[in-house]
Amino acid sequence: MITLHHLNNSRSQRVLWLLEELGLPYKVAYYKRNTLTMLAPPELLAIHPLGKSPVITDGELTVAESGAIVEYLVARYGNGRLIPAADTPERLRYTYWLHYAEGSAMLPLLLKLIFGRVATAPMPFFIKPIARGIVARVNQEFIDPQLKLHFGYIESELGKTGWFAGTEFTAADVQMSFPLEAAAARGGSAGAGPNITAFLQRIHARPAYQAALKQGGAYELLT
Ligand SMILES: N[C@@H](CCC(=O)N[C@@H](CS)C(=O)NCC(=O)O)C(=O)O
């Protein structure tokens, strides 16, 4: 039996969704973020040395890293579902987006989040203007242009077929959902284009997505 070690409001939600899309039997072990630090509780360290979510256990196996989990579930239990045929251009796009989600799209989003916290962190009053100046400069010179570049690219790629890897919904769409939801939830122009908005509406309407939301509890990235 597969167990998903699920952290609230996290990338783990997309694994839950994939399990529902594949119609697999699974159990969920729930973990709650520390409300101050937003870090995972130490109990997750007993499952994997990094103590992060998602991570699944399946019999003797432990699989971490959401892209690896998606690949594992689709290869082992998919029976050809949610993945384009081998040796097709769609399959290459599938592999590309599966890696791009964590390897490229998440970096500027994470930087935006971290620098946003720096700007509002408690600090001595005489440091504040300096810290805010640095944050503004990093935002202006690196983070915002990178967000524009990446999300402009995603917006244009989604304009081709509405999905990331060909004309059919695949697990690459599941993997790409998290950066798009994170961008939409954090506001700003990243993630606000019509193709990205339509993509999010389409995935949110899927019965498996709705079922996963019921299993995972409140998912604030949706607000
Ligand atoms: N690239 C990893 C990222 C894993 C990750 O950072 N997960 C976050 C939740 S979205 C986490 O566990 N954060 C809590 C912590 O770092 O303590 C993946 O895609 O699985």
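Glu102 counts as partly exposed, at 21% relative accessibility. The cut-off for buried is under 20%. This comes from a predicted model. The side chain of Glu102 meets that of Arg11 in a salt bridge, with 2.9 Å from N to O. Glu102 sits in helix H3 and Arg11 in the loop between E1 and helix H1 (12-22), so the pair ties together parts that are 91 residues apart in sequence. Arg11 is partly exposed too, with a relative accessible area of 23%.

**Salt bridges**

Side chains of opposite charge can pair when their charged atoms come close. The structure holds 8 salt bridges. Three of them are listed here, including the one just described.

| Pair | Closest N to O distance |
|---|---|
| Arg206 and Glu21 | 2.7 Å |
| Glu141 and Arg137 | 2.8 Å |

Take Arg206 and Glu21, whose closest N and O atoms are 2.7 Å apart. Arg206 lies in the loop between helix H6 (194-204) and helix H7 (207-216), while Glu21 lies in helix H1, so this pair ties together parts that are 185 residues apart in sequence. Arg206 is partly exposed at 24% relative accessibility. Glu21 counts as buried at 18%.

Glu141 and Arg137 both belong to helix H4. They are 4 residues apart, about one turn of the helix. Glu141 is exposed at 51% relative accessibility. Arg137 is exposed as well, with a relative accessible area of 52%. Salt bridges can also share partners: Arg11, Arg14 and Glu102 are joined this way into one network.

**Strands**

Which residues of strand E3 are buried on each side? Val55 and Thr57 are buried on one side, and Ile56 and Asp58 on the other. Both faces of E3 (residues 55-58) are therefore covered, since buried means under 20% relative accessible area.

E3 has partners. Strand E1 (residues 2-7) runs antiparallel to E3, and 4 bridges join them. Leu4 stands opposite Ile56 in E3. E3 also runs antiparallel to strand E4 (residues 61-64), again with 4 bridges. There, Ile56 stands opposite Val63. E3 and E4 form a hairpin with 2 residues between them. Gly59 in the turn has a positive phi of about 60°.

His5 lies in strand E1. This residue is buried, at 6% relative accessibility. Its side chain makes a polar contact of 3.3 Å with the side chain of Thr57.

**The ligand**

Which of the 13 residues around the ligand come nearest? They are Ala40, Lys52, Ser53, Glu65 and Ser66. A polar backbone atom of Ala40 is 2.8 Å from an oxygen atom of the ligand. A polar side-chain atom of Glu65 lies 2.6 Å from a ligand nitrogen atom. For Ser66, a polar side-chain atom is 2.4 Å from a ligand oxygen atom. On its own the ligand has 510 Å² of accessible area, and the protein covers 85% of that.

**Helices and surface**

Ser177 lies in helix H5 (residues 171-185). Is Ser177 buried or exposed? At 2% relative accessibility, Ser177 counts as buried. A polar atom of its side chain lies 2.6 Å from the backbone oxygen of Val174.

Ile114 is in helix H3. Ile114 is partly exposed, at 41% relative accessibility. With Leu110 and Val118, Ile114 forms a nonpolar patch on the surface. Together the three have about 220 Å² of accessible area.

Ala121 is in the loop between helix H3 (89-120) and helix H4 (128-161). Ala121 is partly exposed, with a relative accessible area of 27%.

Definitions and conventions
Residues are numbered from 1 along each chain as its sequence is written. This is a predicted model: local features need pLDDT of at least 70, side-chain atom pairs count only at pLDDT 80 or more; totals for chains, interfaces and linings use all residues. Side-chain values use heavy atoms; hydrogens and water are left out. Buried means under 20% relative accessible area, exposed over 50%, partly exposed in between (1.4 Å probe, protein chains only). Patches are made of residues with over 30% relative accessible area and no salt bridge: like charges are joined within 9 Å, nonpolar side chains (Val, Leu, Ile, Met, Phe, Trp, Tyr) within 5 Å. Accessible areas come from the Shrake-Rupley method with a 1.4 Å probe; for residues, only the protein chains shown count as cover. A salt bridge is a side-chain nitrogen of Lys or Arg within 4 Å of a carboxyl oxygen of Asp or Glu. A residue is near a molecule or strand if one of its heavy atoms lies within 4 Å of it. A polar contact is a pair of N or O atoms within 3.5 Å; within protein, one must be able to donate a hydrogen and the other to accept it, and residues adjacent in sequence count only if both atoms are side-chain atoms. Two strands pair if DSSP finds at least two bridges between them.
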